[in-house]
Amino acid sequence: MLLAKGAKLDIVDTHGNSALTFAATNGVTNTEIYDVLIEGGADVKFTDHHGANALLLAAASDKDFALMNYFTGKGLDVKAKDNDGNDFVNIFVKNHGRKSDQDFLSDFMDGTNLTGKNPRK
């Protein structure tokens with residue numbers, strides 16, 4: 001509704017978030033929401049004040065790699081790092097702590113598992 005009325009998606013809040021990074025920061029896992037934002041003009045490559053893009057911010061709530069696959073499909077680099085040097089693997093493992101996922105993600109980032117599919121499933 002707001003987008004139809006001309007809402008601007010490039011406005012940044014006091015924490016450095018755009019609408020897209022705000023959604024990722026706050027645990028939105030429904031990719032249809034991201035589709036609406038991106039189709040409405042949100043910059044998928046936007047980074048917040050900490051240098052984190054939507055992929056990095058979504059890592060904390062991405063339990064099944066759906067957001068990793070979604071955002072890499074939109075052109076974000078899974079090897080991107082924030083200003084503190086954290087990449088998707090660091091953030092994912094810090095929040096989920098599953099060793100098999102860490103191995104999978106390390107393989108994914110090394111290019112040995114480019115399917116983007118979790119081998120446990």
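How many salt bridges does the structure hold? I found one salt bridge (a side-chain nitrogen of Lys or Arg within 4 Å of a carboxyl oxygen of Asp or Glu) in the structure.

I note that this is a predicted model, in which local features need pLDDT of at least 70 and side-chain atom pairs count only at pLDDT 80 or more, while totals for chains, interfaces and linings use all residues. Residues are numbered from 1 along each chain as its sequence is written, and side-chain values use heavy atoms, with hydrogens and water left out.

**Salt bridge.** I looked up the partners: Asp35 pairs with Lys74, with the closest N and O atoms 3.8 Å apart. The pair links distant parts of the chain, 39 residues apart: Asp35 lies in helix α2 (residues 31–39), and Lys74 in the loop between α4 (66–73) and α5 (88–96). Helices (H or I, at least four residues) are DSSP runs, numbered from the N terminus. Asp35 counts as partly exposed at 22% relative accessibility, and Lys74 counts as partly exposed at 36%; the class lies between buried (under 20% relative accessible area) and exposed (over 50%), with a 1.4 Å probe and protein chains only.

**Helix α4.** I listed its buried residues as Leu67, Met68, Tyr70 and Phe71. They lie on the same side of α4, because they cover an arc of only 165° around the axis, taken from the directions from the helix axis to the C-beta atoms. Just after α4, I recorded a positive phi of about 105° at Gly75.

**Tyr34.** Not counting residues up to four places away in sequence, I found that Tyr34 touches Leu20, Ala23, Ala24, Val28, Leu67, Tyr70 and Phe71 (contact: heavy atoms within 4.5 Å).

Key
Helix = DSSP H or I, 4+ residues; strand = E, 2+ residues; numbered from the N terminus.
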